[in-house]
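Q: Could you walk me through how some of the pieces of this fold pack together? I have it open on my screen.

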Amino acid sequence: MIGKDVLLNGGERIEKVVLLNGGELSVQITETIIANLSPSILAKDHVKVSKMGVSREFKAILEEPATTLAVFVVQTIENESPPEDAGGCIRFFKRKTHPTDLLAGDKFKFTILGLGDSNLLLDRQHTGAKDCNQVAQALDARLEALGGKRFLEQGEADERTMLTEVQPWIDRLCAAIKSSRDN
């Protein structure tokens with residue numbers, strides 16, 4: 001059963017998933033997501049991986065049909081920055097020159113999994129995943145500001161806790177996609 005706080009898509013059917021990643025850890029997590037999605041939820045040819053560091057790949061998501069879900073797997077490294085392999089995509093969506101309705105309508109559905117490391121923070125005793133995922137938080141807010149529809153609440157994981165938050169978030173993602181396909 002999917003709680004109302006998890007499934008935000010309004011019951012729209014998802015036919016394709018595009019996983020966008022940048023950085024070594026996000027590539028590993030993307031492979032885990034693919035393993036959980038295929039084949040029981042989506043056929044392999046309905047799951048695509050795009051690199052956040054390759055302009056033509058991440059911009060292609062804007063041309064996908066409304067039945068496509070963009071899943072961003074985003075790392076935050078030192079100084080609240082994305083890894084080099086994700087920087088191009090993050091900078092693209094942060095541009096102030098984009099119209100505020102760039103992603104408006106029902107054409108752009110997204111969700112984000114943030115990967116951070118609270119070991120990099122000064123106060124390690126009182127910090128957790130929410131404190132070390134600034135890139136994911138900023139991207140989530142920006143995609144929404146541009147008119148994107150959030151499909152699933154943002155997930156946040158912390159390397160200090162061995163990324164224990166990742167698998168439960170993947171399980172919710174898979175359940176939400178399956179639910180959208182069962183309607």
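Q: Which residues in α3 meet which ones in α4?
A: Bearing in mind that this is a predicted model, Ile 90, Phe 93 and Lys 94 are the residues on the α3 side, and they meet Val 135, Leu 139, Arg 142 and Leu 143 in α4. Sorted by class, the residues of this contact of α3 with α4 comprise five nonpolar, no polar and two charged.

Q: Left-handed or right-handed, the way α3 passes α4?
A: The crossing of α3 with α4 is left-handed.

Q: Switching topic, what about α1 and α5, how do their axes cross?
A: The axes of α1 and of α5, which spans residues 166–182, come within 10 Å and cross at roughly 40°, so α1 and α5 are oblique to each other. Their crossing is right-handed.

Q: Which residues make that contact?
A: From α1 come Ile 29, Thr 32, Ile 33, Asn 36 and Leu 37, while α5 contributes Val 166, Gln 167, Trp 169, Ile 170, Asp 171, Leu 173, Cys 174 and Ile 177. By class, the contact of α1 with α5 holds nine nonpolar, three polar and one charged residues.

Q: Now the strands: parallel or antiparallel, β1 and β2?
A: Strand β1, residues 16–21, runs parallel to strand β2, residues 47–51, and five bridges join β1 to β2. Within this pairing, Val 18 stands opposite Lys 48 in β2.

Q: How does the chain get from β1 to β2?
A: The chain crosses from β1 through helix α1, residues 24–37, to β2, and this β-α-β crossover is right-handed.

Definitions and conventions. Residues numbered from 1 in each chain as written. Predicted model: local features only at pLDDT ≥ 70, side-chain atom pairs only at ≥ 80, totals over all residues. Heavy atoms only, no water. Pairing = 2+ DSSP bridges. Helix = DSSP H or I, 4+ residues; strand = E, 2+ residues; numbered from the N terminus. Right-handed = clockwise from strand over helix to strand, strands pointing away. Left-handed = near helix turned anticlockwise from the far one by under 90°. Contact = heavy atoms within 4.5 Å. Nonpolar A, V, L, I, M, F, W, Y, C, P; charged D, E, K, R; others polar. Axes fitted to C-alpha atoms, helices over the stretch in contact; angles between N-to-C directions. Parallel < 35°, antiparallel > 145°, perpendicular 65-115°, else oblique.
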